[in-house]
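Some labels that are put on a structure rest on a value and a cut-off.

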Amino acid sequence: MTDQASSTLTTARSSSKRPAGTLYRGNTGMWSWVLHRITGVSIYFFLLVHVLDTAMIRVSPQAYDAVMSTYKNPIMGLGETALVIAIMFHAFNGIRIILIDFWSKGAKYQRVMFWIVIALWVIGTAGFAPIHLHNVFTEGQ
Amino acid sequence: MSTIIEAPRTPRVRSSKGRINWEKWGWLYMRLSGVLLLILIFGHLFVNLVLGQGIKEIDFAFVAGKYATPFWQWWDVIMLWLAMIHGSNGMRTIVNDYAGNRTVRRVLLGGIAVAAVVLIVLGTLVVFTFDPCSTLIPADQALAFCPVP
């Protein structure tokens, strides 16, 4: 890449030894990508376990109820809450990615859409977490 | 291995005329399945974790009641296929990004493929061969709608 071309991709110049900022690095575009990967991998590994635990329904009622009782443990309940929070980010940010790819103004509004994703994520978490944590922490009562 | 990174907006050179562009269809699949999974998974979470007493109510009878209806059987099987392929393709992308060693990459991609096939087949068989009124279920745990033997 020529010097001229590279400078057009640079938004800030500084004398510090840290790499210069770019349109992407360190901004909402990068962090949404990082969160999308982390939440995606987490959901994938839960999916592997979840297919196996549901398969216990085909073994016996006792086997299924035994595996379900572990999900009703408060520590697992915190994990389930985190999982649903991860799913909500992945879902909302996925819609943002689709809009960036297919909507003619998607790239222009990618940053504002990121903050809409964060807002929906906070609202969704506020709606779900109290319900699920209440159910988990009152199990057996 | 040297990879040439083209300048942005360089027109694509069609070297593989007539062949299927799997990466393009994979890219499209992630978006189409993503929209469907949003509806299927949010519906699944709402019915299982939010309605009524949520996770407290989930036991054998709850799931057996759902799988007594084709609606929930198909809901879960479609969700299983879409999610396993979506998740496996995402993991493939991540492995391709980070696994530099050829052997390590092949082993990881093979593992992802095997896990996907095994779990899709297992899950589909579980949902469609499940009998909520199986005679293996003890009489005192039999579901209300099952015929009394």
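This is a predicted model: local features need pLDDT of at least 70, side-chain atom pairs count only at pLDDT 80 or more; totals for chains, interfaces and linings use all residues.

Q: What makes up the secondary structure of chain A, and which pattern does chain A follow along the sequence?
A: Chain A has 5 helices and 0 strands, and its pattern, read along the sequence, is α-α-α-α-α. Buried residues come to 17% of the 141 residues of chain A. Of the contacts in chain A between residues at least 6 apart in sequence, 60% join residues at least 24 apart.

Q: How many helices and strands are there in chain B?
A: Chain B holds 4 helices and 0 strands, in the pattern α-α-α-α along the sequence. Of the 149 residues in chain B, 15% are buried. Residues 24 or more positions apart make up 69% of the contacts in chain B that have a separation of 6 or more.

Q: Which residues make the contact of α2(A) with α4(A)?
A: From α2(A) come Ser32(A), Leu35(A), His36(A), Thr39(A), Gly40(A), Ser42(A), Ile43(A) and Phe46(A), and from α4(A) come Leu83(A), Ala86(A), Ile87(A), Phe89(A), His90(A) and Asn93(A). By class, the residues of this contact divide into 7 nonpolar, 7 polar and no charged.

Q: How do you know that the reach of α2(A) is close to the expected one?
A: With 28 residues, α2(A) reaches 40 Å from its first C-alpha to its last, which is close to the 40 Å expected at 1.5 Å a residue. For α4(A), with 29 residues, the reach is 42 Å, close to the 42 Å expected at 1.5 Å a residue.

Q: Which residues of α2(A) are buried, and what do they pack against?
A: The buried residues in α2(A) are Ser32(A), Thr39(A), Gly40(A), Ile43(A), Leu47(A) and Thr54(A). They pack against α4 and α5 of chain A together with α3 and α4 of chain B.

Q: What covers the buried residues of α4(A)?
A: The buried residues of α4(A) include Glu80(A), Val84(A), Ile87(A), His90(A), Asn93(A) and Arg96(A). What covers the buried residues of α4(A) includes α2, α3 (61-71) and α5 (110-137) of chain A, together with α1 of chain B.

Q: Why are α3(B) and α4(B) described as roughly antiparallel?
A: The axes of α3(B) and α4(B) come within 10 Å and cross at roughly 175°. Angles over 145 degrees count as roughly antiparallel, and α3(B) and α4(B) are therefore given that description. Among the residues that meet are Leu80(B), Trp81(B) and Met84(B) in α3(B) and Leu109(B), Ile112(B) and Ala116(B) in α4(B). The contact of α3(B) with α4(B) has 15 nonpolar, 4 polar and 3 charged residues.

Q: How many residues does each chain give to the contact of chain A with chain B?
A: The contact takes 32 residues from chain B and 31 residues from chain A. On the side of chain B that touches chain A, the elements that give two or more residues are α1 (22-50), α2 (60-67), α3 (70-98) and α4 (102-129) of chain B. That side of chain B divides into 21 nonpolar, 8 polar and 3 charged residues.

Q: What makes Gly29(A) count as partly exposed?
A: Gly29(A), which lies in helix α2 of chain A, has 15 C-beta neighbours inside 10 Å. A residue is buried at 20 or more and exposed at 12 or fewer, so Gly29(A), with 15, counts as partly exposed.

Q: Why is Arg9(B) called exposed?
A: Arg9(B) is in the segment before α1 of chain B and has 5 other C-beta atoms within 10 Å. The cut-off for exposed is 12 or fewer, and Arg9(B) is therefore exposed.

Definitions and conventions: Residues are numbered from 1 along each chain as its sequence is written. Chains are lettered from A and ligands numbered from 1 in the order in which they are written. Two residues are in contact if their C-beta atoms, placed from the backbone, lie within 7 Å. Ala, Val, Leu, Ile, Met, Phe, Trp, Tyr, Cys and Pro count as nonpolar, Asp, Glu, Lys and Arg as charged, and the others, Gly among them, as polar. The expected span of a helix is 1.5 Å times one less than its number of residues. Axes are lines fitted to C-alpha atoms, for helices over the stretch in contact, and angles run from 0 to 180 degrees between N-to-C directions. Angles under 35 degrees count as roughly parallel, over 145 as roughly antiparallel, 65 to 115 as roughly perpendicular and the rest as oblique.
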